[in-house]
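Student: I have a model to go through. Can we check the labels against their cut-offs?

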Amino acid sequence: MSAHTVPAQPASPDMSEAQWWLPHGPRSAGRARALLRTQLSDWKIDGEVADTPELLLSELVSNSIRHAQTPVGREIGVRFARYHGRLRVEVADANSSRSAPRQATAEGERAVASP
């Protein structure tokens with residue numbers, strides 16, 4: 001699986017960003033996490049501070065793969081931006097419909113089987 005980088009110009013000297021396009025497939029969430037981990041390391045962001053955006057990104061990409069009705073061959077866009085002491089994580093897919101918010105329930109959580 002390959003990801004290609006889309007060059008991005010910083011909006012200001014205090015901003016850095018990275019962007020990738022990933023296939024709409026089951027391995028993309030893990031690939032997105034690996035790309036983010038590498039980028040955060042380059043930006044000298046690690047440890048517990050890196051854990052939250054990694055978890056967030058994994059959830060967003062997984063939701064896109066699972067729920068977005070995207071045309072065959074369309075990719076998932078992933079963008080990270082660091083500016084003014086903040087980190088922004090974005091995920092975009094080709095789904096043209098807007099998802100409806102749902103109330104979470106205890107039964108709504110996916111069960112994970114133990115090994």
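Student: Are Trp-20 and Phe-80 buried or exposed?

Tutor: Trp-20 is buried, and Phe-80 is too. Buried means under 20% relative accessible area, exposed over 50%, partly exposed in between (1.4 Å probe, protein chains only). Keep in mind that this is a predicted model: local features need pLDDT of at least 70, side-chain atom pairs pLDDT 80 or more, while totals for chains, interfaces and linings use all residues. Residues are numbered from 1 along each chain, and side-chain values use heavy atoms, without hydrogens and water.

Student: Why is the pair of Trp-20 and Phe-80 called tilted?

Tutor: Rings of Phe, Tyr and Trp (its six-membered ring) pair if their centres lie within 6.5 Å; planes under 30 degrees apart are stacked, over 60 edge-to-face, the rest tilted. Here the centres are 5.0 Å apart and the planes at 55°, so the pair is tilted. The structure holds 1 aromatic pair.

Student: What makes the pair a link between distant parts of the chain?

Tutor: Trp-20 sits in strand β2 (residues 15-23) and Phe-80 in strand β3 (residues 75-83), 60 residues apart. Strands (E, at least two residues) are DSSP runs, numbered from the N terminus.

Student: How do you know that β3 pairs with β4?

Tutor: Two strands pair if DSSP finds at least two bridges between them. β3 and β4 (residues 86-92) have 7, and they run antiparallel. Val-78 has Val-91 in β4 as its bridge partner.

Student: Which residues does Val-61 contact, beyond its neighbours within four places in sequence?

Tutor: Contact means heavy atoms within 4.5 Å. Val-61 meets that with Ser-28, Ala-29, Ala-32, Val-78 and Val-91.

Key. Helix = DSSP H or I, 4+ residues; strand = E, 2+ residues; numbered from the N terminus.
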